[in-house]
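I opened the coordinates to look up a few sites and wrote down what I found, entry by entry.

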Amino acid sequence: MGRRLMLRFYNTLTRKKDVFQPIEEGKARLYSCGLTVYDYAHIGNLRAYVFVDLLRRWLEYRGYDVKHVMNLTDVDDKTILGMQEQGVSLKQYTQRYIDAFLDDLQMLNIKKAKIMPKATEHVDEMVRIVEVLMEKGYGYRGEDGSIYYDISKFKNYGKLSKMKIKKLKAGARVKVDEYDKEKASDFALWKAWDSKDGSVFWRTKLGKGRPGWHIECSAMSMKYLGETLDIHTGGVDNMFPHHENEIAQSEAITGKRFVNYWMHNEHLLIKGERMGKSLKNFYTLQDLVQTGHNPVAVRYFLLSTHYRKQFSFSFEGLEAAKNALQRLYDFMERLDEVKNGKGSKEIDALVEKTRKEFEDAMDDDLDISRTLAAVFNLVRDVNTLIDEEKLGQGGAEKVKEFMMNIDQVLSILDGFWKQKEAKLSKDIEELIEKREKARKARDWKTADAIRNELREKGIVLQDTPEGVKWKKEHV
Ligand SMILES: [Zn+2]
């Protein structure tokens, strides 16, 4: 328990690293703003989810039972615009991007959130919240029939983004979902239908219309995680207005703090600019995979820079990530090949030292640079021990076990197993072919020798009418 107090996260709310203290001992309520499914995610978007995955896996490594909720924004200004351009229903339009997004998460080894609520399936909850906000005097109806949040009523408005509210013009209103700090004003909770919305509307107690974007996250997060969340994540661009408005809505209703730790990831840049749809300077994961890049290398690339640092995408960077992964795969392979029985006292101390460095770095706001440095120092030191024939099989097993243990957090070694399996199959096929040739030449000695060699690798051959088959014996 004591060790857990060492876990610290940079909290946007306090602008410093705070010790993580969950609401409920041993549990973490985590909410992440999911994708707005109006287009394919680009790797800049996906950076946010690789970050959340690392966070979640770290909490789990530290023994927390993480209840992770990630919403899907499947109705907002952008989705409606997109569906109308394509002349399909909202559901048809968004489903394609939801499917593609789920595929992306899987390819990047991102654990799926326990609950992934869709905004369109939670309109009742949103309506109820808006009703309460109106009863409490925070919500009012504008001349256009839409319902707005009166930010002058919420005394802490601006506490997350640290904006100066005094400059605001009284009564200025904004109906669009996205706007910038200079335009801070009353925002739409409920948007009365207008012709631009076409077929997208709900008939509710609030009238015919649709929810504003910000109310969606307040409704879905509180429904599944309660009135106060431990951690809320999102891209830094969502801090204002989206998260500021989520706070205003949720805290006005409950009178309680909405989120204890706000964590924001920085942008991925490309040639010095923010990767984004509007600038058309982006790559999707599919773009990269279809040109032969390993998605796990993309994961490593996105993972290996601290989440609060901006950094640039480049093919050189992706190549470097691939090489770093290959070094780890080669290392695992080498550990497998250690055969001598010599023991080494050094190795226990080395593994424990690395484990401590790894854990301390991750506890310190997921300091991935130090984390990976610890791992690669171990790789270097163990390679030296192998070179000097100072590593025995027991020591190699210990190192492998450690690597597999930390891979629960990093989740980058699965490519190694795949590579190993492919290589194993190739080697075996070659040996079987050699044995067949020997048999045809009635060279029984060679054929038996190959059979024995394979048996030593745990491969059992079966001569069947369809030819030779092999299987791996599981010990
Ligand atoms: Zn959100």
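Entry one. I looked up cysteine 33 and cysteine 217 and found both of them buried, where buried means under 20% relative accessible area, exposed over 50%, and partly exposed in between, with a 1.4 Å probe and protein chains only. This is a predicted model, in which local features need pLDDT of at least 70 and side-chain atom pairs count only at pLDDT 80 or more, while totals for chains, interfaces and linings use all residues. Residues are numbered from 1 along each chain as its sequence is written, and side-chain values use heavy atoms, with hydrogens and water left out.

Entry two. I listed the protein donors of the zinc ion as Cys33 (SG), Cys217 (SG) and His242 (NE2), lying 2.1 to 2.2 Å from the ion; donors are N, O and S atoms within 2.8 Å of the metal (3.2 Å for Na, K and Ca), and sites may look incomplete because water is not among the atoms.

Entry three. I then turned to salt bridges, defined as a side-chain nitrogen of Lys or Arg within 4 Å of a carboxyl oxygen of Asp or Glu, and the count by this rule comes to 45. The side chains of aspartate 363 and arginine 62 form one of them, at 2.8 Å from N to O. Aspartate 363 is buried at a relative accessible area of 2%, and arginine 62 is buried at 12%.

For glutamate 388 and lysine 390 I noted a salt bridge with the closest N and O atoms 3.1 Å apart; glutamate 388 is partly exposed at 44% relative accessibility, and lysine 390 is partly exposed at 41%.
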